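Please keep the sequence and the structure in view while reading.

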Amino acid sequence: LAADAGLATAHVEDISARVAKTWDLCVELVAKPQLWALAAQRGAQFVEFLQSFLAMRRGYASRRFQMVLFAFEKPATAASARAAAA
C-alpha cells in the first residue's frame, strides 16, 4: 500500500519488547478487586476489555503478537527539489 502511494520505507523497528511491558502492568491492575467492581458497574464491554489483558500479555510473551513501527517518506522529485532550493 505504501509503495502504491509513492512512499518509500524510511525506518522499521520492532518495539514489541517495550509494548509487552505495558501488558505486564495491565495484568497487575486487573488483579485489583476495585477495578472489577467498577467494570461490573460500567457493563459487559468493560468486563470483556479487562479480560483481554491476560491474552494480550500471553500473545506478546509468546511472540505471537508483535508491534512494529514503520516510518515512510515520499521521495523527492526533481520538481520538488528545485522548489525547496528556491
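## How two helices are compared

An axis is a line fitted to C-alpha atoms, for helices over the stretch in contact, and the angle between two axes runs from 0 to 180 degrees between their N-to-C directions. The model discussed here is predicted.

## Helices H2 and H3

In this model, the axes of helix H2 (residues 33–42) and helix H3 (residues 44–61) come within 6 Å and cross at roughly 140°. That angle makes H2 oblique to H3, because only angles over 145 degrees count as roughly antiparallel. On the side of H2 the contact is made by Leu 35, Trp 36, Leu 38, Ala 39, Ala 40 and Arg 42, while H3 contributes Phe 46, Val 47, Leu 50 and Gln 51.

Just after H2 comes Gly 43, which takes a positive phi of about 120°. Of the 10 residues of H2, the number buried is 1, so this helix lies largely in the open.

## A nonpolar patch on the surface

Leu 7, Val 12, Val 68, Phe 70 and Phe 72 together form a nonpolar patch on the surface, with about 410 Å² of accessible area. Strand S2 (residues 68–73) gives the most to this patch, with 3 residues. Phe 70 lies in strand S2, and its relative accessibility of 48% is the reason that Phe 70 counts as partly exposed.

Ala 20 has its place in helix H1 (residues 16–29), and Ala 20 counts as buried because its relative accessibility is 18%. Computed along the sequence, Ala 20 and Ala 55 are 35 residues apart, whereas in space they are 12 Å apart, C-alpha to C-alpha.

Technical notes. Residues numbered from 1 in each chain as written. Predicted model: local features only at pLDDT ≥ 70, side-chain atom pairs only at ≥ 80, totals over all residues. Heavy atoms only, no water. Helix = DSSP H or I, 4+ residues; strand = E, 2+ residues; numbered from the N terminus. Buried < 20%, exposed > 50% of the residue type's maximum accessible area, 1.4 Å probe, protein only. Patch = residues over 30% accessible without salt bridge, like charges linked within 9 Å, V, L, I, M, F, W, Y side chains within 5 Å. Areas by Shrake-Rupley, 256 points an atom, 1.4 Å probe, with all protein chains shown as cover. Salt bridge = Lys/Arg side-chain N within 4 Å of Asp/Glu carboxyl O. Parallel < 35°, antiparallel > 145°, perpendicular 65-115°, else oblique. Contact = heavy atoms within 4.5 Å.
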